[in-house]
Amino acid sequence: MANACKQVSENLGTKLSNPQKFTSPFHAKNLLQSLCEVKKISGVCDGCIVIEGKEILVQRSVLAAASPYFRAFFNFDSNKVNCSNIERQILSLEYVKSSAFESILEFIYSGEIIIGEDNVEDLLQAADLLLMSDLKELCFDYLEQCIAPPNCLGILEFTERFTCPRVNFKANEVLNNCFSEVSLSEEFLLLNEERLTRILQRHNLSVPSEEVVLAALMRWISNNPTRNNRFPDLVRECVRIDVVNSSKLTIENLFHSLSTTEIKVPISKNWHPRGQVDALVVCGGYQGNSDEVSKKVCCTELPPNRVLHSGDWLSLAPLLTTRAHHSVVEAGNY
């Protein structure tokens, strides 16, 4: 072979380059495809997974390569296996549905999986148990695309249970920014009291008025009349009475359908409207001690003690032109 290459080089009048490394872009895919075909031959399977009474023949080495869970299990099981004693190599998986595992098995061999509303919870739970982080990320990608006011509470619970900060953050954003819609959902009515309280106490709920929070609490109570006795305490803990229209707080108008107990709520917390902060905004003016007029706009949040600290200013969109000796007013939301 070397002589042949030398002869070719002499014929071409050039010197062949140094040895190089080549990679086939199709090798991994073709290998997976071949393994998928081979696994249908029972003689090459050396393990058996039992789920819900159903036996699924598997190749231990493939499962061990795809899942740290299986790798640890098969490494611990030091028995030598062969095709004649498959029945001895049995692993029973609890908390995993057979349909979910079969989908995961196809994913291991093909890298493809169908995730939908009907199976995402089962797949996520199985992927978490089997320590398959890549499959968990695909489930989280699906959930991230599905986040909406009617389901954000359920997705929020998923992400807390299975630890996904990025989807958890987006679900929280939807909850805070669309609370009026979220409070109309079935998921909201089915919340337990602890989760309900944590949500209604949020400062960053974006609501047009505190009456929205009060109405949400009333709907939650009405959905289960046995909760009526908790209503006074929940009003005290969750509703910012200071900023609710007092004409809507009469016992007869608001609470008659829920309870005849008089509710006296002390107004002492001096709440601010939710989703709002006290801020100082500076627009234009002279820059430092110079005569140069600026068109910069910046703002800072006023701390409770009203003492500002350097470096706390946030730059906003600049003015269209420089301005000085002017005034700025806030009107509505502008």
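Q: What makes helix 12 and helix 14 a pair in contact, and which residues in each helix meet?
A: Contact means heavy atoms within 4.5 Å. Glu193, Leu196, Thr197 and Leu200 of helix 12 meet Leu234, Glu237 and Cys238 of helix 14, so the two helices are in contact by that criterion. The contact residues comprise four nonpolar, one polar and two charged, where Ala, Val, Leu, Ile, Met, Phe, Trp, Tyr, Cys and Pro count as nonpolar, Asp, Glu, Lys and Arg as charged, and the others, Gly among them, as polar. This is a predicted model, in which local features need pLDDT of at least 70, side-chain atom pairs count only at pLDDT 80 or more, and totals for chains, interfaces and linings use all residues. Residues are numbered from 1 along each chain as its sequence is written, and side-chain values use heavy atoms, with hydrogens and water left out.

Q: At what angle do helix 12 and helix 14 pack, and what is the hand of their crossing?
A: Helix 12 (residues 193-200) and helix 14 (residues 231-238) pack at about 35 degrees, with axes 9 Å apart. Axes are lines fitted to C-alpha atoms, for helices over the stretch in contact, and angles run from 0 to 180 degrees between N-to-C directions. The crossing is right-handed, because the near helix is turned clockwise from the far one by less than a right angle.

Q: Why are strand 1 and strand 2 called paired?
A: Two strands pair if DSSP finds at least two bridges between them. Strands (E, at least two residues) and helices (H or I, at least four) are DSSP runs, numbered from the N terminus. Val50 has Glu55 of strand 2 as its bridge partner. Two residues lie between the strands of this hairpin, where Glu52 takes a positive phi near 55 degrees.

Q: What makes strand 4 and strand 6 edge strands?
A: The open antiparallel sheet has the order 4-5-6. Strand 4 (279-283) and strand 6 (314-315) each pair on one side only. Five bridges join strand 4 to strand 5, whereas strand 5 (residues 297-301) and strand 6 pair over two bridges. Cys299 stands opposite Val281 and also opposite Leu314 in strand 6.

Q: Which helix gives the most to the lining of the second largest pocket?
A: Helix 8 does, with five residues.
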